[in-house]
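Please keep the sequence and the structure in view while reading.

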Amino acid sequence: MKNFKVLTLAVLAMLSVSNAAHAEVPLLQTTDYVGISFWITSMGMLAATVFFFLEKGNVTTAWRLPVTVAGLVTGIAFVNYMYMRGVWVQTADTSTIYRYIGWLITIPLQTVSFYLVLSAIRKVPITMFWRLLVAALVMLISGYLGETGMLQPFLGFMIWVAAWIYIIFEIFSGQAGQIASRSGNKSLVACFGTMRMIVAIGWAIYPLGYLFGYLTGGVDSNALNIIYNLADFINKIAFGLVIWAAAMSNTSRR
Ligand SMILES: *C/C=C(C)/C=C/C=C(C)/C=C/C1=C(C)CCCC1(C)C
């Protein structure tokens with residue numbers, strides 16, 4: 001069963017690699033560091049996805065869902081990175097809009113992960129799930145509308161930031177934060193603490209890069225892409241790893 005799963009994942013990965021290789025005529029240049037950073041991030045996302053899906057079978061039942069969701073996040077990012085790398089190699093540019101398309105699924109999944117890890121150790125009101133989900137969607141939709149010019153960009157930005165601050169409030173001092181700190185579960189407290197630092201600090205890298213480009217008149221697409229790729233690496237892979245680590249320490253050793 002396990003071998004079968006590994007095989008399926010390997011075949012999927014190979015398929016997507018060979019598809020991409022056919023679709024594009026230009027090759028990745030060995031001195032194209034932005035392109036290389038897209039490629040490294042793609043491989044990291046794939047490795048993390050395989051890892052989370054395999055490890056899902058090794059953690060106690062209650063923790064399977066958050067570990068699976070961590071794998072979904074890196075899996076979606078993997079697919080999106082394969083695509084963005086292709087666009088970059090062909091055009092030496094890639095719009096943040098492509099990133100939004102992946103974020104549209106990954107950010108809500110990561111946001112509700114706070115509810116999922118808490119639910120792994122105790123019963124949590126479902127209203128928390130909905131609050132987190134709605135806040136993530138408000139953030140993304142306003143950001144997308146601002147980015148594409150359908151909404152006044154500054155307004156889109158402000159709504160994004162407001163929804164993000166709301167999420168930060170919820171996981172630090174709101175109901176989610178309180179349940180975590182009172183859980184008496186050390187590894188959950190540690191995992192929750194790192195997850196929320198990623199949301200508060202790791203996520204701030206994106207608007208800072210954006211603002212910096214905006215203020216200096218025109219974003220340097222090379223620098224911005226490398227920064228975003230690195231940020232995604234930490235914000236998605238490390239985020240999943242701390243969930244996995246908490247899951248493992250809540251799983252009794254056989
Ligand atoms: C896995 C991907 C993650 C965690 C992406 C997070 C992205 C952001 C926090 C983006 C934030 C932005 C704003 C706050 C203002 C508008 C510009 C954005 C989209 C870069």
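Trp160 is in contact (heavy atoms within 4.5 Å) with Tyr100, Trp103, Ile107, Met139, Leu140, Ser142 and Gly143, when its neighbours within four places in sequence are left aside. This is a predicted model, in which local features need pLDDT of at least 70 and side-chain atom pairs count only at pLDDT 80 or more, whereas totals for chains, interfaces and linings use all residues. Residues are numbered from 1 along each chain as its sequence is written, and side-chain values use heavy atoms, with hydrogens and water left out.

Trp160 also belongs to the largest nonpolar core, where Trp63, Leu118 and Trp160 touch the most other members among 63 residues. Such a core is a set of buried Ala, Val, Leu, Ile, Met, Phe, Trp, Tyr and Cys residues joined through side-chain atoms within 4.5 Å. Two or more residues of this core come from each of α2 (33-55), α3 (64-91), α4 (96-119), α5 (126-147), α6 (153-172), α7 (175-181), α8 (186-202) and α10 (221-249); helices here are DSSP runs (H or I, at least four residues), numbered from the N terminus.

The ligand sits in the largest cavity, that is, more than half of its atoms lie within 2 Å of the cavity's grid points; a cavity is a set of points on a 1 Å grid over the protein atoms alone where a 1.4 Å probe fits but cannot get out.

## Individual helix positions

Within helix α4 lies Gly102, which counts as buried because its relative accessible area is 8%, the cut-offs being under 20% for buried and over 50% for exposed, with partly exposed in between (1.4 Å probe, protein chains only). Beyond residues up to four places away in sequence, Gly102 touches Ile76 and Asn80.

Tyr144, in helix α5, is partly exposed because its relative accessible area is 32%. Not counting residues up to four places away in sequence, Tyr144 touches Ile97, Tyr100 and Met150. Leu230, in helix α10, counts as exposed because its relative accessibility is 58%.

The table sets out sequence and C-alpha separations for these positions.

| Pair | Separation in sequence | C-alpha to C-alpha distance |
|---|---|---|
| Gly102 and Cys191 | 89 residues | 24 Å |
| Tyr144 and Ile101 | 43 residues | 9.1 Å |
| Leu109 and Val73 | 36 residues | 6.9 Å |
| Leu230 and Phe38 | 192 residues | 9.2 Å |

Notes. On a 1 Å grid over the protein atoms alone, a cavity is a set of points where a 1.4 Å probe fits but cannot get out, and a pocket is an open set with protein on both sides within 12 Å along at least five of seven lines; lining residues have an atom within 4 Å of a point.
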